[in-house]
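Trainee: I want to check the labels on this model against their definitions. Please show me the structure.

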Amino acid sequence: MRPMPIVMYGADWCGDCRRAKSVFAEHGVAYQYIDLDAEPDQVSNVLERNDGVRRIPVIVFDDDTHLVEPTNEALAANLASLTAPSPSVSNNLTFEVIERPEAGRFELFADGELVGFANYTTQDQSVVVPHVETLLPFRNQGFADRLMSLMLARLRETERTLTPLCSFASQYMREHPEQKDLLAF
């Protein structure tokens, strides 16, 4: 698996930067944020990509392409093209979910490779899930659904309940009413 780093150069005062951060959050895409006010030595990277003009945000992808002040639609389209299903992924994978209490997360492995995780905290007998994420190369292939299914099976085995704070986890529970007995009230 090759990591797909995305770097966003911006500033906290920049409205377009805040908007781009929201698009990343909506799509569950991890990225490195470089605050140009905190790291002024990085401004040269922005100037180089903008013919000497300081326009932000500048979002650089691992193939060295970049977007400058993209609209929400342009950024979402670019992210969608990066997360398109890989034709090399097989449907005949062996899945395993491992709970790592010390890290506060459940991890999903496909044929021994980490493909996603669900962060959690505990509150009494409930597992509170604020975030579910599929790693970038594995998105849009049903791995997050598999993670939820296996995590819920583990919660059932250990007589715990779920408090889904993550929008994906909440949606999954709405779409699987047969699991509603696991919801904490």
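Mentor: Start with the sheet. Its 5 strands are ordered E5-E6-E7-E8-E9, the sheet is open and the pairing is mixed. Strands and helices here are DSSP runs, numbered from the N terminus (strands are E, at least two residues; helices are H or I, at least four). This is a predicted model: local features need pLDDT of at least 70, side-chain atom pairs count only at pLDDT 80 or more, and totals for chains, interfaces and linings use all residues. Residues are numbered from 1 along each chain as its sequence is written, and side-chain values use heavy atoms, leaving out hydrogens and water.

Trainee: Which are the edge strands, and what makes them edges?

Mentor: Strand E5 (95–100) and strand E9 (161–164). Each pairs on one side only. The twist averages 30° from one strand to the next.

Trainee: How do you know that E5 and strand E6 pair?

Mentor: Two strands pair if DSSP finds at least two bridges between them. E5 and E6 (residues 105–110) have 6 bridges, so they pair. They run antiparallel. In E6, Ala-110 is the bridge partner of Phe-95. The hairpin of E5 and E6 has 4 residues between the strands, and Gly-104 there takes a positive phi near 65°.

Trainee: Which strands does helix H4 touch?

Mentor: Contact means heavy atoms within 4.5 Å. H4 (residues 143–157) packs on the sheet and touches E5, E6, strand E7 (113–123), strand E8 (126–134) and E9. Its direction makes about 125° with that of E6. Axes are lines fitted to C-alpha atoms, for helices over the stretch in contact, and angles run from 0 to 180 degrees between N-to-C directions.

Trainee: Where does helix H5 lie?

Mentor: H5 (residues 167–175) lies across E8 and E9, at about 125° to E9. What covers its buried residues includes E8, H4 and E9.

Trainee: Which residues of H5 are buried, and why do we say that they line one face?

Mentor: Buried means under 20% relative accessible area, exposed over 50%, and partly exposed in between (1.4 Å probe, protein chains only). The buried residues of H5 are Ala-169, Ser-170, Tyr-172 and Met-173. Seen down the helix axis, they fall within an arc of 160°, so they line one face. The arc is that of the directions from the helix axis to the C-beta atoms. On the other side of H5, Ser-167 and Arg-174 are exposed. As background, an α-helix has 3.6 residues a turn, so residues three or four places apart point the same way.

Trainee: What makes Phe-106 and Tyr-120 an aromatic pair, and what kind is it?

Mentor: Rings of Phe, Tyr and Trp (its six-membered ring) pair if their centres lie within 6.5 Å. Planes under 30 degrees apart count as stacked, over 60 as edge-to-face and the rest as tilted. Phe-106 and Tyr-120 are 5.0 Å centre to centre, so they pair; with 40° between the planes, the pair is tilted. Phe-106 is in strand E6 and Tyr-120 in strand E7, 14 residues apart. The rule gives 4 aromatic pairs.

Trainee: Why does Phe-106 count as buried, and why does Tyr-120?

Mentor: Phe-106 has 0% relative accessibility, so it falls under the limit. Tyr-120 is at 9%, so it counts as buried too.

Trainee: What kind of pair do Phe-138 and Phe-143 form?

Mentor: Their centres are 5.8 Å apart, with 80° between the planes, so the pair is edge-to-face. Both Phe-138 and Phe-143 are buried. Phe-95, Phe-138 and Phe-143 form one aromatic cluster.

Trainee: How do you know that Arg-105 sits over the ring of Phe-117?

Mentor: A charge sits over a ring if NZ of Lys or CZ of Arg is within 6 Å of the ring centre and within 35 degrees of the ring normal. The charged end of Arg-105 is 4.2 Å from the ring centre of Phe-117. Lys-21 lies over the face of Tyr-33, at 3.7 Å from the ring centre.

Trainee: Why is Val-43 called buried?

Mentor: Its relative accessible area is 14%, so Val-43 is buried. Val-43 lies in helix H2 (residues 43–49). Not counting residues up to four places away in sequence, Val-43 touches Leu-36 and Arg-54.

Trainee: How many residues does the chain have, and what percentage are buried?

Mentor: The chain has 185 residues, and buried ones make up 41%. It has 5 helices and 9 strands.
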